[in-house]
Amino acid sequence: MFESFDPSSCKVAILAGGSSGEREISLASGEGARSALVEAGFEVSVLDPANRGDLKVLLGGSFDVAFLCLHGKGGEDGSIQGFLETIGLPYTGSGVWASALAIDKEKAKVFYRAAGIPTPESLVVTRDEPVSVAQIVAELGERCVVKPNTEGSSLGVFIVESAEDLEGAIEQAFQVGERLLVERYVKGTELTVAVVGNDDPTALPIIEIIPQSASYDFESKYAPGGSQHICPARLPEDVAARIREQAVAAHRVLGCAGMSRSDFLLDDDGVAWILETNTIPGMTATSLLPDAARAAGISFPDLCTQLIGFALEGVRR
């Protein structure tokens, strides 16, 4: 797609670290992207927005593009995107509005439903309002999932088996976020679908995730051997095609650009339930976006080059 694109003429600032609960993963993503971009021929600097000195370097460094490896708050919520818009520096991934929307699971569900993408029923609870366990159980059932509304990497996520455990799970999740999403539990195969592109986004091969623990938690995501990734997923092609279409629809309805990765659960009735969309997927050795790209015949350096190309197209929604 970018035959005339010359990496050697492009000065890249990789932004990694930050101050969210996903800082260590962000730093690992930054190192993964740095290695790939250097291999592709780019001039690369890694900067940490949590460091004021690095922000001064970013402002005065005459960079051509920022490659975002910031996960969670301050990275995927539109904050750093707004800063980069203000200083006029192109950046990889989605713009301010799409980033802020996608990280807010409650609001993203409104857009999924508008696009006809099934998503589990849910309720929102906040720290400053009384929590009615009886109401939650009546609407969602005893088995449900408690998660912070604007966190990623499975931070503060609890699968609740009974009403007796619900209140405790909510209290623990409040240690991670002030606003929680309580979601109906869906039993099914865990799938994730990466999408790349701006005006004409394309879904990469679907990855089937088999966690070594009971659920796809933080350790399963990031510890070596924590989960098995099967790509392409073991699905009939008609089912796979439908889920890829849903991932592209999610990318479009949220206004994403450059890249996204949507997580699904495929139940026994063949319904694929979307859980969330990540606008800055991980770039570590065990990350899913690079895995999907490899299955599509795209090397890690070529993937990173494409993402910079999408950024330089100047498409922002």
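## The sheet

Three strands form an open sheet in the order S2-S1-S3, and their pairing is parallel. The structure described here is a predicted model. At the edges of the sheet lie strand S2 (43–47) and strand S3 (65–68), each of which pairs on one side only. From one strand to the next, the twist averages 30 degrees.

Strands of a sheet pair through backbone hydrogen bonds, either parallel or antiparallel. Strand S1, made of residues 11–15, runs parallel to S2 and is joined to S2 by five bridges. Across this pair, Lys11 stands opposite Glu43 in S2.

## Helices on the sheet

Helix H1, residues 23–40, lies across S1, S2 and S3. The direction of H1 is at about 165 degrees to S1. Helix H2, residues 52–60, also packs on the sheet, where H2 touches S1 and S2. The direction of H2 makes about 145 degrees with that of S2.

## The contact between H1 and H11

Helix H1 also meets helix H11, which spans residues 300–312. The two axes come within 8 Å and cross at roughly 90 degrees. Because angles of 65 to 115 degrees count as roughly perpendicular, H1 is roughly perpendicular to H11.

Which residues of H1 and H11 meet? On the H1 side they are Gly32, Ala33, Ala36, Leu37, Glu39 and Ala40. Their partners in H11 are Phe300, Pro301, Cys304, Thr305 and Ile308. The residues of this contact divide into eight nonpolar, two polar and one charged.

Technical notes
Residues numbered from 1 in each chain as written. Predicted model: local features only at pLDDT ≥ 70, side-chain atom pairs only at ≥ 80, totals over all residues. Heavy atoms only, no water. Pairing = 2+ DSSP bridges. Helix = DSSP H or I, 4+ residues; strand = E, 2+ residues; numbered from the N terminus. Axes fitted to C-alpha atoms, helices over the stretch in contact; angles between N-to-C directions. Contact = heavy atoms within 4.5 Å. Parallel < 35°, antiparallel > 145°, perpendicular 65-115°, else oblique. Nonpolar A, V, L, I, M, F, W, Y, C, P; charged D, E, K, R; others polar.
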